[in-house]
Structure formats: C-alpha cells, structure tokens
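Please open the model in a viewer and keep the sequence panel at hand.

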Amino acid sequence: MKKLLFIWLIINVSIVLLATKIDLNTATLKELKTLPISSEQAADIIDHRDYTSFFKSIYELREIESIDQVTLNKIKPLVTVSHYDDQDETAQRREEIYYLIERLGSNEGLQEGMSDVWEDYLMTPRNINKLNFSDILNLPNASPIDVAAILNRVSFGDSISSYRDLRKSPGISYYGASNIRHYVYYEDKPLTQDLFIDYQMKYNDDPYPDDVMDMYRETMIRYPTGSSTDPSAPEIKEQNYWGFFNMQNDRAAVTNKLRIRYQNEWKAGFLYDSPKGSSGIVNSSTDDLFKDSKFYVGYEKELDFHGKNFIKLYAGNYRATFGEGLVMENNDYYSPRQTGYGYNKRITGIIGDVSRTQEYALRGFAVDWKRKNLNAVFFLSQDQKDAVIYDSNGNSIFDDDDYVLSYISMTNRFTDDELESAEDFFNSYSSNDNIIRIAPRRDCLQENIIGGHFEYSPWIGTHLGVTGYEATYDRDFVVPDTLRALLVPDDEYASEKWKITDAEISSMYSTISPEIGDRNYRRVVGFDWRTVINNTSFQGEYAELEVDGSLGKIGDDPKALILSAYSQFDNLYLLSIYRDYDLEFDNPYHRSFSESERFDDTVYEKLTYALNNTLLSDMYLNSVQPSAEKGIYFETRYQFNTMLTITRAYLDLWERKSDARRGVRFEAKLEFKPIHQFRIRLRHKHQVKRYDNDQDRNESQADESEIKLLCYLSNFDRIQLGYVYTRVLQPPYLSILSDPALASGPDMAQASTLTNGDMIYVDYTHNFNQNLKVIGAFSFWYAEGASFWDFEDVELDFDQSDRGFKYWFNIHSRIANNLFLSLKYKYKQFLTRELEYRKFNDIPEEGEYYFQRVERKENIVRLQLDWKF
C-alpha cells in the first residue's frame, strides 16, 4: 500500500511540475498570452506552428521575426516543447503510407477495399481544385461540410494553393483539413513514377471462434424419442462435423493479393484467399482457382468533352456502394452502428475489389461517369453464390430442382462432395424423422444482376440520386409453410423454443407465393439525397423491395428509410440518425445503420443443438444484413478545453420489428489531459433490452466501465494501464419441475441472474528506431459468465471464458524502403465454458451431450508482408 501511495505521489508531483510550463506545440492563444510577450508575438507563435511547422526546439522561436533574443531568454524557463509529427510533404506522405500499411493494410472487413483506395491517393495525390464532391468526400474523415467549403471556394475562382490556403477556406474544420492534406496536391504535378506494384501476403493461424466451434461440435446424430444411445453409433468425436472432418487440424488462413497501377489510369488486381481449413492455392484445381479468386482490370481517365468528364471502367470484381447503403453495398461484413462518418464512412461509387468478400462479391462490368453536376453508373454481374437449399420435392436427396431458402456465408466452404459424405454418414445413424433435409451448398445458385445509379446535383452540396438493381436466379427462393418443422424437426423443441423473433426467418423473400405467382427475380429500387446548409448536412435514403406492389408507387411494398443530420462546429459535432426497416425488406445487399444484425435472437443463434442441420447457425454467425428495426440515434463529440474532451458519446433508442422489443444503449468516452504526455480516459456503457416492459422477466441490463491511464514517453513510446468491469443482469427463466410437454406441469420462476467480471491490462509501444517498433499487451480477466471485447493493435479479440490471461506482441519492421513486415505472436490460456446439451431438464450423467470445463492454451501467429515498388 505504501508503494502505491508513493507512486501516486510521484505522478502527481510530476504533473504539477510539468504543468507549470507552457507547451509551444499545444498551447492556445489565451495560454500564450500569459507569457511575458505581446499579443502580436503570441499570434505569431500560433501562425508559425499552424502554417510553417511545429517546434522541434525552443530556440526555433528565433525564426519568428517579432521574437528577438531578449524575448527568448525571458520566456525560455516558462515554456517547453513536446514531441511533434510535422514533416516535409514527401516525408509526411511516406510516413502516412507506412501508417496505412500498419493499420488499414492489416484491417479486415469493411476497411479492406478502402485502404487500397486511400493508399493510391497517398502515392499519387490529385489536384484538389479539380475534384468533385464525391471524390473529396471519399477521403478519410472528410465531412460533407468540409467538402462543400472547399468546392464553394473553388467555384468562385479562388484556387487553393497550399495547406495554409486550405485551412483558410471558410467553413472547413481543422480536423477535416488536417486529415485530407496528405491525399491531395494543390496544382497539377507530373508523376515521378509511372508503374506501381503492391504485393501483400497474410498468414493467420487463429483458431475458430468459440461460437463457430460450438456449431461444428454439436452432435448431428439424433436418436429416436426415448433412446439416448445406439450401440452401433460411432464414437462421440465422430458424431459432428468437427470430428468427421478432423477440424482440429485445419490449416491456417493464407491470403495473397497483388495490385498493379500504371500512372493514375490503368489499374489491375488479383486476390486468392485461402480461409482457415481450405485446401490452399497450390492444391486448387484450375476451375476452383478461377471461381474462388478475385481480380479486376480498371481504367480511370479525365476527359475534356463538352466540359470536364471523369470516367471509370472496371471489368472483373468490383465494389458498388451508393447512398446510405439501403439498396446496394456489397461486402461480407456486418458493422453495428455504421454511421457513414469518421472511420465508419463508406466509399461511394465503383472501385476495384480484391478484398476477402466472397458471398456478396460482384463480378462483371461496371462504368462510372461523372461531370460537374451529373453522375451515372451502370453495372452488370454474374456470379455463383452459396445458398441454403432444402428437399422441396421430397425425394430425400438434394438436387437442382430443390428450392433455395436464402443466401449463406459459410465459415468453412466445404465442397458439395464433402458435405454429402458427412450427411450420408450422419443419416445412417439417425431415425427417418431426423435425417438431414436442409443444408448449405457451395456455388449452387447463379445470380445475374443488372443495376445502376443516377445522380443530379443542382448546386454544391446538394444532390438527388436514384439507385436500383434487378437480380435474376436459376433457382427459386421459397419460404415453405412447414418452415418451423423443417428447421427444428423435434416437435417438443419447435413448440417450446420457436419464438416470435423467428419471424425474421419466415419473412424472407420468396420468388414463388400466392400473392406474386412465380417469378425468378428480386428487384430493389430507392432514392437518396443530401443538402448542406451552412454547417449542417442533411441526408437520407428510401428504398423498396418489389413484392406485389407497383414499381411507380411509393409505400405499397416492403420498405426501408434512413434519415440523418450532421452539424459541425470548431469543438463540437452533433449527429442524429433515424431508421425504419420493414421486416419483409429482405435485400441481401442492404448494409445501412443498425444496432444488430438480421437473425439475432432467432433459432439460428439460440437453438443450434436442435436445428436439423447445425451448419445453419452460419446464417446468424455470418449475417451481414441489418435487423428489421426502428429507432433514433444521437452521437456527439465535444472539447470543453485543452484538458477535457468528450471524445465520443452516443445514445440509441430502438425497437426490434419482429417482436416489438425496445432497447436502449448508451456509451460515453471522456479524456482528461492535464499535460500532453499524460491522459486519463474513462468509458461507460449501459444497455437495457425491453426497458419498457413492466415484468422483470423480459428485461436484461448490461453495464461496462473502463479506466485507462495513458502516458506518452520519449521517442514516441507509450504505455497504457487499463481496468474494465462488466456487469450483466439477465432475466429470469422458468424452471420446469415436471415434463415441459404437459400443460398441467407446475411452473416456478427462477430469480434474475447476475454475472460480472473484470479485466486488467497493460499496453505498450516501443520504437527501437524509425524502422522498427513493437506493440504488445498483457491482460488478465476473471468473469463469471461475462465477456470482454479487447483491441489488439489492428484486431479485435472476444474473451468469453470464465477466467484466463494472455499476452501478445506485434513487431512492425520496415525492412527496406519498399518492404514491410508485421509479425504477431499471441499466447492465450483460459478455462473453457462447461457445456451441457440437454433435452429440456434431462441432463445425462455422461455421454455425448456433456462437455466439461477444461483448460485451453492457444499459440497464435500472424504474419503480414507488404512489398511495394
């Protein structure tokens, strides 16, 4: 205890001593005026820092004309200089590219394709005076207000000639200007290099996530009612997909990506992704190599034809995103609360796609044409999709005549031959009532898409756009009347466990129904808009899925609506979003803002053990569509002063359409910075589900609090100490004392369940030199049923075991000017959860339904190489 008090005393004394000096690189004008200098000299210091460079040394004050040696000697004991990051333009660009390689280049999911585009802009920036609205808006962290400020100035013939000039643009924020400065030039400059080649290799031997392992380990051999064993049954380890395919020995994931660019016009890319458990590029056939790889060839050119025109042509795989993501945004990744601002933004238009998106990839041809106030896009795609099919014709086999239930992103894309061999094996030990009647199949559905987008901008900052696509198929989508029995064949489970939330499954789109007859297509149409008024941007999108209504009539088909407003001030921004998505709006390319993904809390998530085929849990685990919900969201950031900032705070109030469940989620982050080198960060999250329900049985509540102590050291090193406490109050569930199938059975309510846990961690960054650094962490947690999300440099880890510890480190090395390496090692040791798969309250003393708690150890290696020239 005495040691802790002594350390706390040293920290406070250091803060007081350091705080007495004014930092020339961070001080405000008001703080500088407290020095024994004139107001004019204080203003000159600010101008030098903002428009020339940050201070490396106190003696650089002499470079300011109004400050002589006498003034310098007078203020020298009163000021200090913290570390700075301002460099010449070329060096800063090189460092920014290196940062992207470390961060964006290592990111997965939504950021994959965007990092490629941003890196191209860094290597060969374009003249900001010639860019249109969407070009600037697609740059990182540029807001619509910033873009309108730039274009309004340029429209009056006042060209931007430098970063200092950019900062003077009326209405632009410091944050926006500083974020885009390295992605643009201020005049046309000749390229010093014509050919750019980027090669990236990623190796990752992460184990399957716990939820995925649970899915594969669930037994697939179901015995007749009244029988819990079968003498002829195989060993327990062979009664599921995990044991049948020997998945504990699955090989690591390897990704190879190559991008080639000639000047700013010709572009090409190739990617072959070998996910965990796949055969790899060497063992793939020529046909599989073509189908499973991704590639594109693109041409981008500015043309002078009746004014300035910019055209993009892409063949192969491409990414198409428009508006707020209601109609079209093709990727395989779900991101909750994707606002479209800051790091959650989307790049609109057409770009080449060599990301790891597989299921919702578009492959074909696309053209994107832009001029001052018009934008027209046309795209075609033909691709084979994985899908869930079922034995609709009753011949006890899966064939080409069977109906499709839905798309599916499979965690492990087993071949059809592999799946059929496993199904035949499981069926040979199951009763006729429990044989597999529904299953995922690889590339079993051909999708042909034709679509487009047209946008008109009457004045700067305002546009109105129309987007639509039609997808035709070689098989029919049909949601059968016997859906519940098909998914959960056990009548006892189906009657007890099928809930109103499963309406998200039964409301999926069908191409055959009594209302619409028989047709083989899906058609989605919508319109989007945006207008910027002073410091506020208003935008929105409305879309409909055509079912039985008229294409030209609004409101007679399943629909989705999103509206948002964003206001920007010097030290504050305000964001509000309203969304309303119908339950029947089943658009597979819908990626707009939501609190949860589709199929949340359905049998796909909660009832894996009772599903006819456990692989159907991938419908939830890899779901990318937003859940059908209605709600309003508020977000803000506010800087009170140089020491205190609300870095982010949001409040979301929403209602789930499937069961009218209402929820509220609040999170706030506060940073206290007494000096530049030391910061205290606080975070609290509060979430309640069914907050309006008077009966406690349906309400659940989760709270999480975190404190971080962050200290910046010399040479850009830093160390961070953090503590997290989480608390979850779960609703009570009925404990059935007798046979649950008997309506006369007495019920007894169980009390609410409280689970909690805490975690302590230490993060560090050490720079050996400019080309070598290591980032790492140690963490320990103890959780009685609780779970934690933990950021590991560029990855996110989910810890849901009862207790454990881990440590990891990531070495970032610039081996040469054009060769970069990232090597991560992680050791994780924890107790697994005790799992009991039961039939209601009947828990077998031993057998295939019980998995005891064991200690698990994981050694994980991740390697990334980037070669650029």
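Begin with strand β27, which gives the nonpolar surface patch its largest share, three residues. This is a predicted model, in which local features need pLDDT of at least 70, side-chain atom pairs count only at pLDDT 80 or more, and totals for chains, interfaces and linings use all residues. Residues are numbered from 1 along each chain as its sequence is written, and side-chain values use heavy atoms, with hydrogens and water left out. Helices (H or I, at least four residues) and strands (E, at least two) are DSSP runs, numbered from the N terminus.

**The nonpolar patch**

Select Y638, F640, L670, L682, I707, L721, Y723, Y725, I760, F778, F780 and Y807; together they make a nonpolar surface patch of about 1,000 Å². Such a patch is made of residues with over 30% relative accessible area and no salt bridge, with nonpolar side chains (Val, Leu, Ile, Met, Phe, Trp, Tyr) joined within 5 Å. Accessible areas come from the Shrake-Rupley method with a 1.4 Å probe, and for residues only the protein chains shown count as cover. At least two patch residues each come from β27 (718-730) and β31 (772-783). Y807 belongs to strand β34 (residues 803-816) and is partly exposed, at a relative accessible area of 31%. Here buried means under 20% relative accessible area, exposed over 50%, and partly exposed in between (1.4 Å probe, protein chains only).

**Helix α14**

Next, select residues 416-427, the 12 residues of helix α14. The expected span, 1.5 Å times one less than the number of residues, is 16 Å, and the end C-alpha atoms are 16 Å apart, which agrees. Which residues of α14 are buried? They are L419, A422, E423 and F426. These residues cover an arc of only 100° around the axis and therefore lie on the same side of α14; the arc is that of the directions from the helix axis to the C-beta atoms. An α-helix has 3.6 residues a turn, so residues three or four places apart point the same way. On the face turned away from the buried side, D417 and D424 are exposed.

Within strand β14 (residues 438-459), select D443. D443 has a positive phi of about 50° although it is not a glycine, and it is buried at 15% relative accessible area. Compare N534, in the loop between β18 (521-533) and β19 (536-545). N534, likewise not a glycine, has a positive phi of about 55°, but N534 is exposed, at 71%.

**Salt bridges**

A salt bridge is a side-chain nitrogen of Lys or Arg within 4 Å of a carboxyl oxygen of Asp or Glu; the count by this rule is 54. Select R413 and D292, whose side chains meet in one of them (3.3 Å, N to O). R413 lies in the loop between β13 (404-407) and α14, and D292 in helix α13 (residues 286-292), so the pair ties together parts 121 residues apart in sequence. R413 is buried at 18%, as is D292 at 8%.

Finally, select D797 and K828, whose closest N and O atoms are 3.1 Å apart in a salt bridge. D797 is in strand β33 (residues 795-799) and K828 in strand β35 (residues 819-831), so this pair ties together parts 31 residues apart in sequence. Both D797 and K828 are buried.

Key
Patches are made of residues with over 30% relative accessible area and no salt bridge: like charges are joined within 9 Å, nonpolar side chains (Val, Leu, Ile, Met, Phe, Trp, Tyr) within 5 Å.
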